[in-house]
Amino acid sequence: NELPAQGLRLAARSGACHQCLYQLLAFVPPSNGSQSRPGTAVVMVDTQHPLTLQLNGSVGDRELCKIQYHFGEFGNYSLVVKTLSTSTKTVSCDLVINEGPINSYLPILFAFLVYMGILAVLIAGHLFMKIDPVRSWVYKKLNPRETDRLINSELGSPNTTDSISSDPTPRLWSTVSRQRLRSLDTFRGLSLIIMVFVNYGGGKYWFFKHESWNGKLCFPSSLFSRFVFIMGTSISLSLSSMLKWGSSKRKVLGKILWRSFLLILLGIIVVNPNYCLGPLSWDNLRIPGVLQRLGFTYLVVAALELLFTRAGAESGILETPCPALQDILPYWPQWIFILMLEVIWLCLTFLLPVPGCPRGYLGPGGIGDFGNYPNCTGGAAGYIDRLLLGENHIYQHPSSSVVYQTTMPYDPEGILGTINTIVMAFLGLQAGKIILFYKDQHKQIMSRFVIWSIVMGIISAILTKCSKEEGFIPINKNLWSISYVTTMSCFAFILLLLIYYLVDVKRLWSGAPFFYPGMNSILVYIGHEVFENYFPFKWKMQDSQSHAEHLTQNLTATTLWVIISYLLYKRKIFWKI
């Protein structure tokens, strides 16, 4: 501050903060005119989003200037405020770059090249193994005694069948493995491995973090929803298989209840780690969580499917008045139930009175909405959790606390959002019914996936008005809004279509390496949570502010879980609940 007469108030507002108040960063004293020494203040600012800086003078609190700028990581900047003209009292605010920011994306580029190099080596090795002399040489080196026995036996030189049977690694495309759709496990494994990487820190990059509240479809926000979607698809296929093999509905219901109970119990254990802190206090036990929501969602969707399933519906024997809806109309009781659940969600969200908050409030509270509703985080969803579960039994550090500076606890896996999680799983169930109904009719299956994706996309566009903040119901992962569900379902149908086409239709891709964690998803998820802070998944860093170190650690931990799941697959060890 080179102004001799007045100090400055420096305030800032994040570009990601919708309708937020400016937050004071520092007071800059006036300059010492006699010694020509400017007043200074040093502040640290966020580089995740663009900032709007506002400078007000201490005399009359007049706004002197406003600057919008996206600062770079580890950059050093000076904001120089001085008088241009004493007669007109014109003030200039100049931003000077003292030290340029670093290129924080180089570690990602390097990691990408390393993994692409590994992939290229594996592909080249796979192609070389198709050459008979190379394959024979490799088998001889790996198992020389077996090769000599075949050569010296009465059978003469080993033929193709003998070579394959002596291969220590089973064929990817065997008839037995084809009975199970590899695309579903690949879809599940892909979502799970990226979820593990993000949970481990994602290299501390902002785009691997959850959105503060409403907003763009950032990467992490879609992972849990994909997992829910493919769980619904698997429910359809697994229940159909069990009933075809002669299991009674009572026995199947017992399995559903037991699996749901185990998922909820494991979830409560996993989200309340207390391994080195002594006995766990019941006063602050967190009740909601990812596995808890999966368990309850599985219970409702699987029981609904079991209760209303009809013989002949999946094989197309039942006649329907509208052929275009022949994979929907036979399940009309289920659709009515799901629509009733959605009506309940809408009524509770927009009509339930919340003390101190406007009815139908969907905002983050805190400094959002110009600070008018600081204790209204999540509206009805947050209020129901705090009322039924208690503030101490829900998540204490929601993603909105950073940008919106919220102080109220809010759980993104709370009670009200579970309704729309059930809707998401039911849409995945519909994908499974399409696979069963149009069995081996690949074009029909893929065309139905495209139609469902378009329908979900249109609904999302209407609900959001194609806007981040101004729609009827914005996309919000914390609330699990219905627009979030339809948008994620739109992308889930497309992703499942692509993987199904590559893995099960054209067989251009085996699904590796994501197929292996997809076959052991519960073990990988619980394992990565339990052993998160143990070596070799985590170690002390030399520089905790380095993206390169964080990325190396997080990628190493994630890769280890892929290797573990591969080894378990080779030994035919699968943890099923």
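Begin by selecting Cys 17 and Cys 20: with -70° about the S-S bond, their link is left-handed. These two residues form a disulfide, with their sulfur atoms 1.7 Å apart; the term denotes a pair of cysteine sulfur atoms within 2.5 Å. Cys 17 is buried at a relative accessible area of 8%, and Cys 20 is buried at 3%. Here buried means under 20% relative accessible area, exposed means over 50%, and partly exposed lies in between, for a 1.4 Å probe and protein chains only.

Before continuing, note that this is a predicted model, in which local features need pLDDT of at least 70, side-chain atom pairs count only at pLDDT 80 or more, and totals for chains, interfaces and linings use all residues. Residues are numbered from 1 along each chain as its sequence is written, and side-chain values use heavy atoms, with hydrogens and water left out.

Next, select Cys 65 and Cys 93, which a disulfide joins with an S to S distance of 2.0 Å. Their link is left-handed, with -90° about the S-S bond. Cys 65 lies in strand β4 (residues 63–69) and Cys 93 in strand β6 (residues 90–99), so the pair ties together parts that are 28 residues apart in sequence. Strands are DSSP runs of E with at least two residues, and helices are runs of H or I with at least four, numbered from the N terminus. Both Cys 65 and Cys 93 are buried.

Move on to Cys 357 and Cys 376, whose sulfur atoms are 1.9 Å apart in a disulfide. This link of Cys 357 and Cys 376 is left-handed, with -100° about the S-S bond. Cys 357 counts as buried at 15% relative accessibility, as does Cys 376 at 3%. The structure holds three disulfides.

Two further cysteines may be selected for comparison. Cys 347 is partly exposed at 37% relative accessibility, whereas Cys 466 is exposed, with a relative accessible area of 67%.

Finally, colour the chain by pLDDT, the predictor's confidence in each residue, from 0 to 100. The chain averages a pLDDT of 87, and 89% of the residues score at least 70. Now select residues 146–178, over which the pLDDT is below 50. Where pLDDT is low, the predicted coordinates should not be read in detail.

Definitions and conventions
Contact means heavy atoms within 4.5 Å.
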